[in-house]
Amino acid sequence: MTGVTVRVPAKLNLQLAVGPPRADGYHDLVTVFHAVSLFDEITAEPARRDGVSVSGEGADRVPADGDNLALRAVAALRAEVPSAPGVHITIAKRIPVAAGLAGGSGDAAAALVACNELWAGGFGPPQLAEIAARVGSDVAFSLLGGTAVGRGRGEQLTPALAPATQYHWVLAFADGHLSTPEVYAALDRQRARAGEQVPAGPELDPALMSALRSGDARLVGRALSNDLQPAALSLFPALRKTLAAGLELGALGALVSGSGPTCVFLAASADRALDLAASLSGAGVCRSVARASGPAPGAAIVSGAR
Ligand code: ATP
């Protein structure tokens, strides 16, 4: 076998509700993940030693050694397949790095799918999801795709019941990055300063779930929410302008994606998304824009066979 190529989507959080910090430093979450059609592609090929090379969007900010999340996923899978030979992973990035779109987790999920195929590991989705959860909080969702509720650190997943609606998104990429742990730390500080009593178990928003069941983009747009947004805005104030511009230009809803700094806008149709993307791009409130639709499928084999 020469190699296996897998495509993996970026994720948005349509809701991100964050509980207080736990003893282990993580926060309990309730989130509604939504995969969109902005894809990284990874190829796994037999090699003497494990290695990784990265090209494309933000490649210079991605570690090319064992810290790469794709190689961590390879190591986690190899622990289950001790006889597995070496593998070289080539990552073609389109998902910006440290942008709140789970690009690294996506590459890890893609590496699991590719190596499971390359090594004839024979693991099914539940076993891969278990290994994924050991690698990182968002990796299991990147395997699953679609729209799903995540609990715990985000790794306990339940697919969301929704009609076959496709939503049209505009993604505004920022000129800068945010570190996920720093955004969580800023949220904790903001809450402590405000003397906020944060309930231990964050709750799923019934308005968002009913909007998703209706398939009505207007309702979904109104119900988008992200507890991390105020913290992301405090660290990256220019995002306020980006969000305001998108809403003024007619987006049905706007929010910072995950820990940011990508801002995402829901449009009423593919044509509206095209107009919005062009206007946002002209408004000079972000580095660049992209359009994507969701829900998109999770990590999937594009080519390669045994
Ligand atoms: P999340 O939304 O899951 O919190 P993110 O989208 O904000 O994550 P990533 O693009 O996953 O951020 O990158 C987070 C960090 O992980 C970066 O600082 C990067 O150096 C590191 N990293 C390790 N492996 C990868 C990879 N394959 N692709 C991107 N980043 C990686």
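## Pockets, cavity and ligand

The largest pocket has a volume of about 1,200 Å³. It belongs to a predicted model. The lining of this largest pocket consists of 44 residues, and those closest to its centre are L69, S105, D138, T180 and P181. By class, the lining of the largest pocket holds 21 nonpolar, 15 polar and eight charged residues.

The ligand sits in this largest pocket. Around the ligand there are 22 residues, of which A98, A102, G104, D138 and T180 come nearest. D138 and T180 also belong to the residues closest to the centre of the largest pocket. In the shell around the ligand, 10 residues are nonpolar, six are polar and six are charged. Both β4 (87-93) and α2 (103-118) supply at least two residues of this shell. The largest share, four residues, comes from α2.

| Residue | Part of the residue | Distance to a ligand oxygen atom |
|---|---|---|
| L101 | backbone N or O atom | 3.0 Å |
| G104 | backbone N or O atom | 2.8 Å |
| D138 | polar side-chain atom | 2.8 Å |

The ligand on its own has 610 Å² of accessible area, and the protein covers 81% of this area.

The second largest pocket contains about 280 Å³ of space. Its lining has 18 residues, with P125, A129, A140, L143 and L144 closest to the centre. Two or more residues of this lining come from each of α2, α3 (125-135), α4 (139-144) and β6 (156-159). Among these elements, α3 gives the most, with six residues. The lining of the second largest pocket divides into 14 nonpolar residues, one polar residue and three charged residues.

The space in the largest cavity is about 40 Å³. Its lining is formed by H34, T147, A162, P163, T165, Y167, L212 and P295. Of these lining residues, five are nonpolar, three are polar and none is charged.

Technical notes. Residues numbered from 1 in each chain as written. Predicted model: local features only at pLDDT ≥ 70, side-chain atom pairs only at ≥ 80, totals over all residues. Heavy atoms only, no water. Near = heavy atom within 4 Å. Polar contact = N/O pair within 3.5 Å; in protein donor to acceptor, adjacent residues only side chain to side chain. Areas by Shrake-Rupley, 256 points an atom, 1.4 Å probe, with all protein chains shown as cover. 1 Å grid on protein atoms, 1.4 Å probe; cavity = no way out; pocket = protein on both sides within 12 Å on 5 of 7 lines; lining within 4 Å. Sits in = over half its atoms within 2 Å of the grid points. Nonpolar A, V, L, I, M, F, W, Y, C, P; charged D, E, K, R; others polar. Points joined across faces, edges and corners; volume = space filled by probe spheres on them.
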